[in-house]
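Here is a friendly tour of one protein model, written for reading alongside the viewer. Keep the sequence and the 3D view open as we go.

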Amino acid sequence: MIEFTEGQKKTIASGLTVLSLTVVFAFVAFVVWMVFKALAFASAAIVPVVVGFFLALFFKPYYRWWKGVLRNPTLALTVMLLTIFIPLGLFLWYAGAVMVDEITNLINQGPAMVRQMLDWFRATFPKTDSLLDQLGIRYENIGELYTNYGGAALKAGSGALKCLTGLVSALVTLIFFVFFLTSKDRTGGEIVAQLPFLKADTKAFVAEQIDAFVAILVAFFQRQTVICLIEGCYYGLGFTLVGLPYGFLI
């Protein structure tokens with residue numbers, strides 16, 4: 001039997017520990033990679049569910065308020081959806097018309113803007129002329145490339161299939177939104193009740209952390225959304241009033 005000194009034993013133990021940690025980390029990294037691959041593969045099915053869940057958390061207080069006023073869950077849901085989608089539809093109708101006009105103008109002015117950019121680039125970097133000549137490329141050809149193909153490519157729509165996919169995704173998101181919105185709230189205590197291996201003190205602590213996390217997350221997204229909407233309206237209106245080209249689009 002081989003006898004090891006204390007130093008050799010420590011060295012062997014350290015090596016085995018490092019090897020074990022390496023195997024554990026490699027396995028964890030592999031599992032995480034597989035999870036991300038699975039999520040990426042099923043993202044089209046997962047995204048509507050996740051979006052519907054967070055939208056339900058976002059609008060839950062608003063739904064509760066209507067439910068308290070009308071005392072009828074179905075009527076409260078109907079009125080709440082109308083108060084959301086009617087203003088949103090009007091805004092999108094107006095904003096969509098403005099953005100279509102600005103995008104159209106931007107596309108129409110694209111060739112002139114490209115020529116101006118090329119002229120500026122030529123004046124700023126004059127040595128590029130000789131380099132492009134050696135490569136057989138001319139500035140005018142770049143402008144013609146955009147004029148002949150770029151504008152047409154930008155004007156091309158995404159296609160009926162993409163539009164249909166977007167409509168189906170929106171419908172699925174709405175279904176899950178209504179489902180999560182009208183379903184019974186699950187508190188942290190109800191969630192940890194499904195974990196019988198936890199001690200009573202640990203359950204109470206975990207339940208408290210879950211409730212706090214959900215409350216903070218919902219409040220954060222609610223306030224950030226309101227702030228972003230207000231800032232977006234201010235910027236769009238301000239850019240438009242001062243005459244900035246494509247200000248509303250920006």
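The lining of the largest pocket is made of 28 nonpolar, six polar and no charged residues. In this count Ala, Val, Leu, Ile, Met, Phe, Trp, Tyr, Cys and Pro are nonpolar, Asp, Glu, Lys and Arg are charged, and the others, Gly among them, are polar. Before going further, please note that this is a predicted model, in which local features need pLDDT of at least 70, side-chain atom pairs count only at pLDDT 80 or more, and totals for chains, interfaces and linings use all residues. Residues are numbered from 1 along each chain as its sequence is written, and side-chain values use heavy atoms, with hydrogens and water left out.

The largest pocket holds about 850 Å³ of space. Among its 34 lining residues, Leu88, Phe91, Thr225, Cys228 and Leu229 are the closest to the centre. Two or more lining residues come from each of α2 (43-70), α3 (73-108) and α9 (200-241), and α9 provides the largest share with 14 residues.

The second largest pocket has about 550 Å³ of space. It is lined by 18 residues, and those closest to its centre are Phe53, Leu57, Asp185, Arg186 and Val214. Here α2 and α9 are the elements that give two or more residues, and α2 gives the most, with six residues. By class, this lining has ten nonpolar, two polar and six charged residues.

A pocket here is an open set of points on a 1 Å grid over the protein atoms alone, where a 1.4 Å probe fits and protein lies on both sides within 12 Å along at least five of seven lines; lining residues have an atom within 4 Å of a point. The volume is the space filled by probe spheres set on the points, which are joined across faces, edges and corners.

**The fold and a surface patch**

How many helices and strands are there in the protein chain? There are nine helices and zero strands, where helices (H or I, at least four residues) and strands (E, at least two) are DSSP runs numbered from the N terminus. Of the chain's 250 residues, 15% count as buried; that means under 20% relative accessible area, with exposed being over 50% and partly exposed in between (1.4 Å probe, protein chains only).

A nonpolar surface patch of about 960 Å² includes Val24, Phe27, Trp33 and Met34. Phe30, another member of the patch, sits in helix α1 (residues 6-41). Patches take residues with over 30% relative accessible area and no salt bridge, joining nonpolar side chains (Val, Leu, Ile, Met, Phe, Trp, Tyr) within 5 Å and like charges within 9 Å. A salt bridge is a side-chain nitrogen of Lys or Arg within 4 Å of a carboxyl oxygen of Asp or Glu.

**Individual residues**

| Residue | Relative accessible area | Class |
|---|---|---|
| Phe30 | 47% | partly exposed |
| Val51 | 34% | partly exposed |
| Arg71 | 71% | exposed |
| Val168 | 45% | partly exposed |

Val51 belongs to helix α2. Its C-alpha atom is 8.4 Å from that of Phe176, 125 residues away along the chain.

Finally, look at the loop between α2 and α3, where Arg71 is found. Arg71 is not a glycine, yet has a positive phi of about 65°. Most residues other than glycine have a negative phi.

Conventions: Accessible areas come from the Shrake-Rupley method with a 1.4 Å probe; for residues, only the protein chains shown count as cover.
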